[in-house]
Amino acid sequence: MKKHILYDIVKNVNKNQKHLYIIGAGFAGISIADDIKRKKIFGTVSAFLDDDKALIGQEFDGIPVIGPIDNIASLLSCTEDDEAIIAIPSAPTERIKEIYEILKAGGFAHIKILPGISQVVNGTAHLVQAREIDPLDILGRTPVTISLKESLSYLRGKRVFITGAGGSIGSELARQLLSGGAERLYLFGHGENSIYQIDRELRLLQKEGVGEKASIVPIIGDMKDRAYTDYIISHTHCDIVFHCAAYKHVPMMEENPVAAIENNVFGTKNILDACIAHNVHRFVLISTDKAVAPVSVYGVSKMLCEKLVLAYAEKAQDDNAFMFVRFGNVLGSRGSILPLFMEQIKNGGPLTVTDPRMERFFMTIPEACSLVLRTGGVGTNGSSYLLDMGTPVKIVDIAEQIIRFSGFEPYKDIDIKFIGTRKGERSVEPLWLPEEAPQKTSYEKILQLKNMPYTDSRLGMLLEKLRPVCIGGENIDIDPDKFRNRHYLISVLSDEVPSLADFYAKTAVYEGEIQ
């Protein structure tokens, strides 16, 4: 690098002006710089920082490239308002972590990052896509790289319906679907605020040039309403449904078991009935590792959803495909450990971990959604899929990493407290049953499971036992001994699912009669 370049940058810095430093002088970094220069309101890009010797010393539109990153960041005269934007979407997680630590040591208080390469590589990067870096960006493995334009080609010109579109998975599917060329995106959910937020975000992204043009249609509704569900599926004429909606919080659903079955099982059945009735071409259920030999009501509800999908695949027309995709925990979802830990750190700790042996399989939300979208295109009717989650991670290790990310020392500045497992939790979550025997497919990180369907009679009889517990209203005879009776519900589920009965026998007994 020419020595005078860095000297000129430091000498000419206006301390009263916000200066931006873009980490990475590739196509993403240059696109961000162009975006900033065009808008003229976010500050001045003072330099690119890069490790490429062929780029160091060059200029792009008057902006110098300096480096290497490891040596140069500490030499910059940063003010508390200056900002660094990491624009290397192909960088592995380990390198992002190194760069983050270098920038923090160099005095940068504000560090942003572009999303993963799957969301940037096929088009131009935009400033609106940059967000504050968080622990998600430096935890876990490097996500698999998927070309969204290629994997979403099956959705071009189609109408896509997302249930639970305001949730963590549903909203990320919607963001990535902007690159798919869909004709319309239907954002379905019962939470007014969450649907408003993702609708507003998608429109802003489109306004800033992210993705392709698609009509965005927010829809407020409840999938437990059978008549409305049928109405909305028929009137949207959707081609594909990504079914993300579910009550998911395990301990909360142990306190509200009837609500879990009513919403997750009968709500899913309503969606499936409507999809079959109105010839929806593809249906993709988002499932979970908690459906494997389940030990919680939530887990049982998702296991039954899987069985429903396999049963309804038998009813699908020849050209249609109904399938489910199962995976483990996703980092950063609502109600998960990451937001909880960050909130606890803000309050000075301690971080609460259930058990030092507790471990989970983790994947980032963008990676999981990219793989779900790909599976939706390559998956076949009546198939069961599993995302390759890598190796499990101990929760206490994540807690320690997040404390360090926040600038503190575990057990010294911020303590970690072990509080014991909660209802419905186990130390280790299996991803599959031995008899499901996952096999590799032609697609990286997508495995296919051997189907374990229920017979029609078994599934039908179980639903008939559960129905009087969950379903009431006009023109329905309510059995007062069964309606909302959690003990009866648990009894039915325990008779059907040995793993649940065994777990309950070893742990607490349900208290209370009505839920």
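Is the crossing of α8 and α10 left-handed or right-handed? The crossing of these two helices is right-handed, a term used where the near helix is turned clockwise from the far one by less than a right angle, the anticlockwise case being left-handed. The structure is a predicted model, in which local features need pLDDT of at least 70 and side-chain atom pairs count only at pLDDT 80 or more, while totals for chains, interfaces and linings use all residues. Residues are numbered from 1 along each chain as its sequence is written, and side-chain values use heavy atoms, with hydrogens and water left out.

Helices (H or I, at least four residues) and strands (E, at least two) are DSSP runs, numbered from the N terminus. Two packed helices are described by the angle between their axes and the distance between the axes. Axes are lines fitted to C-alpha atoms, for helices over the stretch in contact, and angles run from 0 to 180 degrees between N-to-C directions.

The axes of α8 (residues 226-236) and α10 (residues 257-277) cross at roughly 40° and come within 9 Å. Contact (heavy atoms within 4.5 Å) joins Arg226, Thr229, Asp230 and Ile233 of α8 to residues of α10 including Lys269, Ile271 and Asp273.

Helix α15 (residues 456-470) packs against α16 at an angle of about 165°, with the axes 9 Å apart. The two helices are therefore roughly antiparallel, since angles over 145 degrees are classed in this way, those under 35 as roughly parallel, 65 to 115 as roughly perpendicular and the rest as oblique. Their crossing is left-handed. Among the residues that meet are Leu462 and Leu466 in α15 and Val492 and Leu493 in α16.

Helix α16 (residues 486-496) also packs against α17 (residues 498-506), at about 120° and with axes 5 Å apart. The pair is therefore oblique. Ile490, Leu493, Ser494 and Glu496 of α16 make this contact with Pro498, Leu500, Ala501 and Tyr504 of α17.

Helix α6 (residues 168-177) is mostly covered, with 9 of its 10 residues buried. Buried denotes under 20% relative accessible area, exposed over 50% and partly exposed in between (1.4 Å probe, protein chains only). Ile169, Glu172 and Leu173 are among the buried residues of α6.

Two strands pair if DSSP finds at least two bridges between them. Strands β1 (residues 19-23) and β2 (residues 44-49) are paired in the parallel sense over 5 bridges, and Leu20 has Val45 in β2 as its bridge partner.
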